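Me: Hi! Could you walk me through a protein model I just opened?

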Amino acid sequence: MPIKLENVAIAVRDLEATIAFFTDLGLTVLGRDEVSGEWTDTAVGLDGNHAKIAMLQTPDGHGRLELFEYIHPDAIETEPTLPNEIGMHRVAFSVDDLDAALEIAAKHGCTPLRGVGTYEDIYRLTYVRGPSGIIVMLAEELRKG
């Protein structure tokens, strides 16, 4: 089954300051949104999920970074991770067939945190807890071609 890296997401304290940092490094803002509602609660597995988001892209057009600042629930402050600590927030992959990808994940004991959500008839997506506790987003584009 074809799979490609979609983006890496990072929760931030200050979205604007973080965007400024990455755009100064050469990334481009592809878009911004404020997301909430049942689909985000379902896909992310977090009740009352409400966040400001921005999608950035590397100059080569291949790498994307999703930044988000939680409005609700309150963000949880943690110590910055060290290079040798296991885990991260989430890594996302585009897949041709979400149901087939979920079958593969299930073979490894990985199931959705809550379920599958649909974002504006553009994507069907979900978060699964992957190996070492890594959260993996799987997304199927609905508007193919």
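Reply: Happy to; we can go through salt bridges, a helix and a surface patch in turn.

Me: Great, what should I know about the model before we start?

Reply: It is a predicted model, where local features need pLDDT of at least 70 and side-chain atom pairs count only at pLDDT 80 or more, while totals for chains, interfaces and linings use all residues. Residues are numbered from 1 along each chain as its sequence is written, and side-chain values use heavy atoms, leaving out hydrogens and water.

Me: Which residue does E6 meet in a salt bridge?

Reply: R64, at 3.9 Å from N to O. E6 lies in strand β1 (residues 3-11) and R64 in strand β4 (residues 64-72), so this pair ties together parts 58 residues apart in sequence. Strands here are DSSP runs of E with at least two residues, helices are runs of H or I with at least four, and both are numbered from the N terminus.

Me: And is E6 buried or exposed?

Reply: E6 is buried, with a relative accessible area of 11%, whereas R64 counts as partly exposed at 34%. Buried means under 20% relative accessible area, exposed over 50% and partly exposed in between, with a 1.4 Å probe and protein chains only.

Me: What about E140, which residue is its side chain paired with?

Reply: The side chain of E140 meets that of R124 at 3.3 Å, N to O. E140 sits in strand β8 (residues 135-141) and R124 in strand β7 (residues 123-129), 16 residues apart. Salt bridges with shared partners also join D99, R124 and E140 into one network.

Me: Nice. Switching topic: which residues of helix α3 are buried?

Reply: In α3 (residues 98-107), they are L98, A101, L102 and A105. Viewed down the α3 axis, the buried residues fall within an arc of 100 degrees, so they line one face of the helix; the arc is that of the directions from the helix axis to the C-beta atoms.

Me: What does the face of α3 turned away from its buried side carry?

Reply: That face carries the exposed residues E103 and K107.

Me: Last one: which residues gather in the patch of negative charge?

Reply: D33, E34, E120 and D121 form that patch on the surface. Patch residues have over 30% relative accessible area and no salt bridge, with like charges joined within 9 Å and nonpolar side chains (Val, Leu, Ile, Met, Phe, Trp, Tyr) within 5 Å. D33 itself lies in strand β2 (residues 28-36) and is partly exposed at 31%.

Notes:
Accessible areas come from the Shrake-Rupley method with a 1.4 Å probe; for residues, only the protein chains shown count as cover. A salt bridge is a side-chain nitrogen of Lys or Arg within 4 Å of a carboxyl oxygen of Asp or Glu. Lys and Arg count as positive and Asp and Glu as negative; His and the chain ends are not counted. The place of a charge is taken as NZ of Lys, CZ of Arg, CG of Asp or CD of Glu.
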